[in-house]
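Dear colleague,

I am handing over the structure that we talked about, and my notes on it follow below. Please read them with the model open beside you.

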Amino acid sequence: MMEEPVCEIEITKGSKEWKAKVQNNKGRYVEFEHDDIEFLLEMVYDDIQMEMEEDYW
């Protein structure tokens with residue numbers, strides 16, 4: 001089975017907040033910012049999960 005990337009995620013730390021940049025393999029790009037890394041990761045997770053569910057159905 002051939003593997004293909006589903007998305008790319010870049011997480012950076014600013015002076016006061018964390019930033020996540022997410023781009024899926026279809027070109028959709030979204031950024032999230034939050035001062036709490038755990039909350040930021042939850043936002044990224046929820047976004048990717050919704051995208052995968054839409055693609056599946």
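In the strand pairing, threonine 12 stands opposite lysine 19, which belongs to strand 2. Before going on, please note that this is a predicted model, in which local features need pLDDT of at least 70 and side-chain atom pairs count only at pLDDT 80 or more, while totals for chains, interfaces and linings use all residues. Residues are numbered from 1 along each chain as its sequence is written, and side-chain values use heavy atoms, with hydrogens and water left out.

Strand 1 (residues 7-13) pairs with strand 2 (residues 18-24) in the antiparallel sense, over seven bridges, and a hairpin of four residues joins the two. Here helices (H or I, at least four residues) and strands (E, at least two) are DSSP runs, numbered from the N terminus, and two strands pair if DSSP finds at least two bridges between them.

Strand 2 also pairs in the antiparallel sense with strand 3 (residues 29-34), over six bridges, and within this pairing alanine 20 has phenylalanine 32 of strand 3 as its bridge partner. Four residues lie between these strands in their hairpin, where glycine 27 takes a positive phi near 100 degrees.

Glutamate 51 lies in helix 1 (residues 37-56). Is glutamate 51 buried or exposed? Glutamate 51 counts as buried because its relative accessibility is 15%, where buried means under 20% relative accessible area, exposed over 50%, and partly exposed in between (1.4 Å probe, protein chains only). Not counting residues up to four places away in sequence, glutamate 51 touches Asn24 and Arg28, contact meaning heavy atoms within 4.5 Å.
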